[in-house]
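Welcome, and please open your viewer. We will walk through the model one selection at a time.

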Amino acid sequence: MKAAGAAAAGGGRRRRGGGGGGGGGRRAAANARERDRTHSVNTAFGALRRLIPTRPADRRLSKVETLRLAASYISHLANVLLLQQRRQAEAEGPAAAQACPPPCPPPCPPPGAAAPRPICTFCLSDQRQRHREGEQPLSGPALSGH
């Protein structure tokens, strides 16, 4: 009885539009648009996940992990490209080596945070794999950061 009295007194939920489902069509259309948007976002994340190398290869990344690893992978690829350009310039002579741009500075840590050593996830993973296979010791540029 208490609930019926509260609804009658205006304390319960009411439907807009005078009662009978006139706004239901708009709500259904909004829900359909939201489902389409969500499907589109999930499809894009799936495509991005397939482009990022992971170990193990079948590991499914969360959306946050996908974004973080994508940013790290882009940075890694930029550093690989920069190293290739520098090596090529050094091979061509000292005048060509001057033309290479300096590397981007690492991002600043948030205020008050201890500054972690910058380590490229992808170089470190590759280096660990080579170490496991006995190719080389675990040291070098991947541990000192990019």
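This is a predicted model: local features need pLDDT of at least 70, side-chain atom pairs count only at pLDDT 80 or more; totals for chains, interfaces and linings use all residues.

Residues are numbered from 1 along each chain as its sequence is written, and side-chain values use heavy atoms, with hydrogens and water left out.

Now switch to a cartoon view. You will find six helices and zero strands in the protein chain, in the order α-α-α-α-α-α along the sequence. Helices (H or I, at least four residues) and strands (E, at least two) are DSSP runs, numbered from the N terminus.

Next, select Asn 42, which sits in helix H2 (residues 24-51).

Keep H2 on screen and show H3 with it. Their axes are 10 Å apart and meet at an angle of about 45 degrees; axes are lines fitted to C-alpha atoms, for helices over the stretch in contact, and angles run from 0 to 180 degrees between N-to-C directions. H2 and H3 are therefore oblique to each other (under 35 degrees is roughly parallel, over 145 roughly antiparallel, 65 to 115 roughly perpendicular, and the rest oblique).

Go to the loop between H2 and H3, where you will find Pro 56. The peptide bond from Arg 55 to Pro 56 is cis, with omega near -5 degrees.

Our last stop is the second largest pocket, with a volume of about 250 Å³. A pocket is an open set of points on a 1 Å grid over the protein atoms alone, where a 1.4 Å probe fits, with protein on both sides within 12 Å along at least five of seven lines; lining residues have an atom within 4 Å of a point. The volume is the space filled by probe spheres set on the points. Select its lining residues, including Pro 53, Arg 55, His 76, Phe 122 and Asp 126. Which helix gives the most to this lining? H5 does, with five residues, and helix H3 (63-92) and helix H5 (121-132) each supply at least two.
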